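Subject: Structure for you to look over

Hello,

Here is the structure I promised to pass on. Please open it alongside this note; my findings follow below.

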Amino acid sequence: MMALQIEKVSERLDANCKAVMFEFGINKQFEPFGVNRDAPLWKHLAINKLLDLGIIVCEVTAPCCYHYRWTEFGVEVYKRPKMAEVIQE
């Protein structure tokens with residue numbers, strides 16, 4: 001069941017989502033991350049999609065402070081063999 005979910009979500013990722021995943025994924029040990037509000041619009045849209053797909057979650061750490069954290073599901077999507085090849089191209 002989980003493999004099918006990973007497959008379906010992987011099919012919905014566009015190039016911008018994959019770019020964000022690559023930027024904040026395995027190279028940064030899947031640590032929580034933030035994005036500057038001045039980041040390009042495509043990056044904010046990609047993060048919204050990753051949130052909707054359950055790959056990352058937003059955690060509020062203090063009033064007006066937050067970061068994004070990888071979910072276990074998101075890490076599994078990233079580590080999917082075909083996905084890792086595509087992300088690193």
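A search of the whole structure, which is a predicted model, turns up 6 aromatic pairs. One of them joins F24 and F33. This pair is stacked: the centres are 4.2 Å apart, with 10 degrees between the planes. Both F24 and F33 are buried.

The pair of F30 and Y78 is edge-to-face. Here the centres sit 5.2 Å apart, and the angle between the planes is 85 degrees. Which parts of the chain does this pair link? F30 lies in the loop between α2 (15-24) and α3 (41-52), and Y78 belongs to helix α4 (residues 72-79). The two are 48 residues apart, so the pair links distant parts of the chain.

Are F30 and Y78 buried or exposed? The cut-off for buried is under 20% relative accessible area. F30 has 15% relative accessibility, so F30 counts as buried. Y78 has 1%, so Y78 counts as buried too.

There is also a cluster. Ring pairs link F24, F33, Y66 and Y68.

One more residue to check is K43, in helix α3. This lysine is buried, because its relative accessible area is 11%, under the 20% cut-off. What does K43 touch, leaving aside its neighbours within four places in sequence? K43 is in contact with V20, E23 and V35.

Best wishes

Technical notes. Residues numbered from 1 in each chain as written. Predicted model: local features only at pLDDT ≥ 70, side-chain atom pairs only at ≥ 80, totals over all residues. Heavy atoms only, no water. Phe/Tyr/Trp six-rings, centres within 6.5 Å; stacked < 30°, edge-to-face > 60°. Buried < 20%, exposed > 50% of the residue type's maximum accessible area, 1.4 Å probe, protein only. Helix = DSSP H or I, 4+ residues; strand = E, 2+ residues; numbered from the N terminus. Contact = heavy atoms within 4.5 Å.
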